[in-house]
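Subject: A structure for you to explore

Hi there,

Here is the structure I promised to send you. Have a look around first, and then read on for what turned up.

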Amino acid sequence: MDFILEHLLTLILFTPVLAAAVVFILPREEENLIRWVSFLLSFIPFALSIALWLQFDASKSGFQFEEKAIWYAAINSSYHVGVDGVSLTMVLLTTLLTPLSILASFTIRDRVKSYMILFFLLEMGMLGVFLSLDLLLFFVFWEFGLVPMYFLINQWGSEKGEREIWGGRKIPARQYASFKFMVYTMAGSLGLLLAIQMLGVVSGTFDMPTLFERWTSLDQSLFGLPISTVKSIAFWAFAIAFALKVPVWPFHTWLPDAHTEAPTAGSMILAGVLLKLGAYGFLRLVLPLYPVEAHLYAGALGFLAVMAIIFGALASYGQDDFKRLVAYSSVNHMGFVVLGIAAAGFAAGTENAIIALNGAVLQMFNHGLSAAGMFFLVGVIYERAHTRNLNDFGGLFPLIPVYGGVLIFTSMASLGLPGLGGFVSEFLVVRGVWPIFTLYTALAMIGLFFTGAYVLKAIKQVLHGPLNERWTGHISEINARELFVIAPLMVLMLWIGVWPAWILEVINRAVSMLF
Amino acid sequence: MQFPILSLIVFTPLVAGLLILLIPAERKNEVRVAAIAAGAIALILSTWVYFSYDIAAGGYQFVEKYTWLPALGISYHVGLDGMNAPLVLLTGVVMFTGVLISWGIDDRPREFFAFLFILATGVFGVFVALDLFMLFFFYEIAVFPMYLLISIWGWQVTREYAAMKLTLYLFVGSVIALVGALAMYFTSGLNTFDMLALEQAGFSAAFQRFWFPFVFFGFAVLGGIFPFHNWSPDGHVAAPTAVSMFHAGVLMKLGAFAALRVGIMLLPEGAKVHLPWIILLTLVNVVYGAFIASVQNDFKYVIGFSSVSHMGLVAMGFATLNREGLLGAGVQMFSHGVMTALFFAVVGMVYDQAHTREIPRLGGFRKVMPIVAVAFIIGGLVSMGMPGFSGFIAEFPIFMGVWRAYPWVAIVAAISIVITASYIIRIVGKVFFGEMPEEFAHHVHDVSVLDKVALVVLSAILIVVGVYPQIMVPLVETGVNNVLRLLGGV
Amino acid sequence: MSLNLSMFIPILPELLLLLLGLVVLFLELFLPKQAHRNLGWVTAIGSGLIILLSIPAMPGAQAEFVWGGMLRYDWLSFTFKMLFLFAAGITALFSMNEPHLGRRGDFYLLMLASTLGMMFMASAADLVMLYLAIETTSIPLYILAGFLVHDVRSTESGFKYLLFGAMTSAIMLYGFSLLFGFSGTTDIYQLAVSLRQGALPLLSIVGSIVLILIGFGFKVSAVPLHFWAPDVYHGAPTPVAGFLSTASKAAGFSVLLRVFLAVFPEVTLVWGSILAAISVATMTLGNLVALAQQNIKRLLAYSSIAHAGYALIGLVSLSSLGIASVVFYLIIYLVTNLAAFGIVSIVGSQLGSDEMKAYYGLSRRSPGVALALMVALLSLAGMPPLGGFIAKFMVFAAAVRSDLIWLAFAGVLNSIVGLYYYLTVLKYVYLYRAEGDESPVSISRPSRLAIVVLTFCIILLGTLFAPWFGWAQTAAAAMF
């Protein structure tokens, strides 16, 4: 037992790999066995994170459950993991969404084994990012997570659709989307990679706590350039990499493609966790490493965030494809996260900043729940109707009342209806940012208005209006397995909406320590 | 006297090759089994010696020294240090896997394996040599079987041209370096070819400045340095699979290693003067190589040019002359060797089935050969420097070293990562996924068990080093410290 | 001067060789015609025995003049004598299966006579003796080159060789007489002293140098006196061509070394630069023209011209290392080229052609012969672990030592050209196919023995080279 407690983080991080190994040795033909084994195994990390949550002492500052082992001694990088409130929340989100996504993937028929292995590797990659306290290790997991996601989209994405590329050649849309996802993200990480290398060279360590001190206190000139210039360039290298992942306007164009083409569970994880990696990067690295630059450029970042909120909402409203609509809504919602972070960077240390950050982190968690839920629900109806075009639906409520109820509930959470999770976090963000960036906040309200518009549009197109006759008798009610996927999400949305203190307590302590 | 393990490693392939020549030509299966056995022995010995190296003690270990030609101070002098130990292991690995995947060679397998093993002896000899003469001796031994291997068993369209081009390029390089080596020998006045003694010779700065380019480029030709890289893609493409593996996997390291061992370590002052501009050439290697690779349509040319790009990183690491750069270059030599051997093995397997290497004509090979597809993907991830694989472990410190020395070079070189990623993804998508063209649908089948074993061995090494760099890095570090000592700073 | 037994020790190999010649002559008269082939065995085994029996006749560290100062008894001459004997024995083995050659006792006898001449060339210390020795060598060779009287090419070859040989020999003799006129002595070792005392104008010395060089240059086939070699080698019976290109060339080098180091030490700068120019011209021309050859004997002829150029590098560097490297080079070159010509004679006698086409698919006909050819050619190209690598290494080292770096580079670049055409031949052997290349080439027992011995020697010289190089050094030391 002591062993488990002492190595809790390592266990959480690598049990998915063990699970992948177990799945690997199962016979390929036994698809059901593979599904169930994967599903059950995915609860181990979840259970461990619950244990972590319970053991976590929210009143203590700094990192807990730290572990350190030799990894790459020659360049002073080590296996160093630890959690604080922010990463703990994200770990919980990840380990929660993984079993649900696996359950949602039970309809996958093609190469179940490879699919499950990739899924576990993806989980490990994401957890690694949240747990790393070593910059190099952070990057290792950051990049590594791309690979399984790429294959999930590329191989198990939607089979329909073609995209024309240059030269008039047509390729399957999922190939296009996965390629775009991979290259965008890799190109984005390139600056990050270079900046990390530069930091490592200059500071002689990759250990984050040490780095936070050494790098920020650096004041001699570097490479013949004034230190402020070097730091500004490095700041943007980090910021762009993370902004791409979030994604912030105008770096978001990979996202609708990737989300639309990914398999349902892939979209759930993509929206639920992967986007949070970017925001987490801002919190964990950008704010502590570049307090001065963050203050300096917060305005620009905040502007991009507001653009993301407004354009995300407008674009979302303009979609006819249900999944694309939800995808753009992610741009919109993640905009609030970045807005909160930008404001906090501008007014570091103030009470408003802390409120904004609380909101941002909670919004990350909430969006993880609601976006995963929304994508899942889109997937549910797509599997039945084999179309995602909103114009083809209509008046389905009488046919599938339970599904309709669930959809409305989840949409409302996404919309930010008071009483549900989304409201609490968006309120906190807006409350925190208003005194700092008043104009931006006001503009963001316009975005919020359109959020309401597109969510209601979706509900109207699918559930209300005249019944499209072709669905009569062809569309079935949501089944038990699917309900089991969505139910925990709904419970959490409601729980946070009604009583957010249990989670804010953990987050609050951590974000006030970020400065 | 201790057990002469290094000599055993050097001469095992040679003896095996000669024994194989004694087997009657018709008994091809016996030839193959004997070859695999020899490969396994070489692998076991080199693995054993790799792990027996005492990192705490450092320096040259397992040293053997016998006089060879006392009149000129030539000796047979071998030793293992942190720089060459991974390369010895690499050679063992490539030799074993190369033999495994060559089971299908049906035209004079006896001669094929004999030549391949002579080549292996040359390679082992260069890596462990501590005597300048001996280094050249084995260097040439490693070069000339290549000609026969490529021209006899190679791809019929270009083999004659490519084999000749390759041999002449390498020979030119090596003999020019040889003149430099002779100049060092006579100028030192020590009457010895022993490199450990020549390291202390204290050549004048002017002498070093003059001779360094001859020696460095003479060897670096084999390392594929721009603008002398031209032979390499042609050679890779024309060579039969196992030879491509050897060639890109091990022989190119031979050039890089010798450029370090003789050029930089014996002429450190010259290195300091010239490497600052040579790094620009390596930059061309890295970026241009990747770019050219991305526009190729022939599967094997893609890999060939990617080798140019990656070997450029090795040279770039050397050119930094600092700890991180050299360390990364040392690991990169190993990592790239294994990776490219894997690549060429995969290309060979695809070609054997499809009889074409034109990427646009291929497709859907995952369905028939899943393990090959996975192996290629792993190699591809290594190639694009994906964390978690050995390529990252190697390239990261190289870039750090470049940052320390020439920050702008690092920024430009990084472009290659994205280019590499894009062409690797393109190939994976086109060749292994997608629809299999009708023409292949019926006659393509999965690879043999031996092929799979080879792929698994290579892939596993790439992952192990990537996940647990401590298995190699501290060792290389001791070697790097030795180089730094000669460069005048620790 | 009274005769005693110890006086015969220095010329023991020559005496034994004479005896062997007599035995061959005697056996030819009394053996039945069909058994004449066995004379080859007699010659070969006899030569081997002479080498063994000559061990007691090894000279001491100090060189001595014997037989009235006609001969110099030193390591250089002894080394070369052993080489000639070796070459004669091997050539006899290869000749046994040649049609119109192997069954002729007079063939073996002529070869032994020529060998005897070479042995005197190597040890001659007097201009008169030297001239006699050269003629003793050359005249049997003229006959051997034209030995196949029914073959037009062979006749032409013999005639050509005779004409050019006689002409250059006459010019050389003129040079000798000039020297005698200037100094009043024919003793090679006295000449130097006399010339120095006479304080002759440089022009006259250089003039006589040039005249003598013409004679020697012909022997070693250096540019511009190389032109006979391809035609003669091409036409002559292959074993004879092999003998010409090895033993005869080595004999030429032995006198070149002795005369120039002994007679003209004062004017080294002049003849040094002449020789350097000749060296570069010789190897460059030999290699470049060899590129275009379609007949393997002509190719080997041009390659042997080129090798004379490499060997000259060592002579030009004019150090003890340089001379040792020349001797060492000749040892290895002799062994290697004998092997190459031997294989050509095997293939030629079986397939009836020396054109490159005959070599297509040789590795399928006979993997063993192909392998031996590869060893020989790669050794000529200078690849380790074969002798040629060490040989080249040593001459280049000698050049670098004497600060003749440009000459080393010239040699290096030339060896690249060389590599190209040797590899081309190997390409034909291993890569190309010919009709009927499944039918094997059979090798007779003597040829097989010779090939095995030579291949073994090439590898031995290339790996455990220390004793042989030590030998060459001892020989070179005798010159200083």
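In which helix of chain B does B:Arg159 lie? The answer is H6, which covers residues 159-188. Before going further, please keep in mind that this is a predicted model.

**An arginine without a salt bridge**

B:Arg159 is buried, yet it has no salt bridge. The nearest side chain of opposite charge belongs to B:Glu160, and it is 5.5 Å away. A salt bridge needs a side-chain nitrogen of Lys or Arg within 4 Å of a carboxyl oxygen of Asp or Glu. What B:Arg159 does have is a backbone oxygen, that of B:Ile152, 3.0 Å from a polar atom of its side chain. Setting aside residues up to four places away in sequence, B:Arg159 touches B:Ile150, B:Ser151, B:Ile152, B:Gly154 and B:Ala238, as well as C:Leu431 from chain C.

That last contact leads on to the chains. Two pairs of chains are in contact, and chains B and C share the most contacts. Chains A and C are not joined by any contact, and their closest C-alpha atoms lie 39 Å apart.

**A threonine in chain C**

Next, find C:Thr238 in helix H11 (residues 238-263) of chain C. Is C:Thr238 buried or exposed? It counts as buried because its relative accessibility is 6%, and the cut-off for buried is under 20%. Its side chain makes a polar contact of 3.2 Å with the side chain of C:Lys297.

**A helix with a buried face**

In chain A, look at helix H4 (residues 43-55). This helix has 13 residues and reaches 18 Å from its first C-alpha to its last, close to the 18 Å expected at 1.5 Å a residue. Its buried residues are A:Pro45, A:Phe46, A:Leu48, A:Ser49, A:Leu52 and A:Trp53. Seen down the axis of H4(A), they fall within an arc of 165°, so they line one face of the helix. Here is a handy rule for reading such a pattern: an α-helix has 3.6 residues a turn, so residues three or four places apart point the same way.

**Salt bridges**

How many salt bridges are there over all chains? The count comes to 33. Here are some to look up:

- A:Arg284 and A:Asp84 meet in a salt bridge of 2.6 Å, N to O. A:Arg284 is in helix H13 (residues 264-289) of chain A, while A:Asp84 is in the loop between strand S2 (77-83) and helix H5 (85-104), 200 residues apart. A:Arg284 counts as buried at 2% relative accessibility, and A:Asp84 counts as buried at 7%.
- A:Asp257 pairs with A:Lys180, with the closest N and O atoms 3.0 Å apart. A:Asp257 lies in helix H12 (residues 254-261) and A:Lys180 in helix H9 (residues 173-203), so the pair ties together parts that are 77 residues apart in sequence. Both residues are buried.
- B:Arg27 forms a salt bridge with B:Glu30, their closest N and O atoms being 3.2 Å apart. B:Arg27 is partly exposed, at 42% relative accessible area, and so is B:Glu30, at 39%.
- B:Arg323, B:Glu324, B:Arg404 and B:Glu477 are joined into one network by salt bridges that share partners.

Enjoy exploring!

Best wishes

How values were computed. Residues are numbered from 1 along each chain as its sequence is written. Chains are lettered from A and ligands numbered from 1 in the order in which they are written. This is a predicted model: local features need pLDDT of at least 70, side-chain atom pairs count only at pLDDT 80 or more; totals for chains, interfaces and linings use all residues. Side-chain values use heavy atoms; hydrogens and water are left out. Helices (H or I, at least four residues) and strands (E, at least two) are DSSP runs, numbered from the N terminus. Buried means under 20% relative accessible area, exposed over 50%, partly exposed in between (1.4 Å probe, protein chains only). Lys and Arg count as positive and Asp and Glu as negative; His and the chain ends are not counted. A polar contact is a pair of N or O atoms within 3.5 Å; within protein, one must be able to donate a hydrogen and the other to accept it, and residues adjacent in sequence count only if both atoms are side-chain atoms. Contact means heavy atoms within 4.5 Å. The expected span of a helix is 1.5 Å times one less than its number of residues. The arc is that of the directions from the helix axis to the C-beta atoms.
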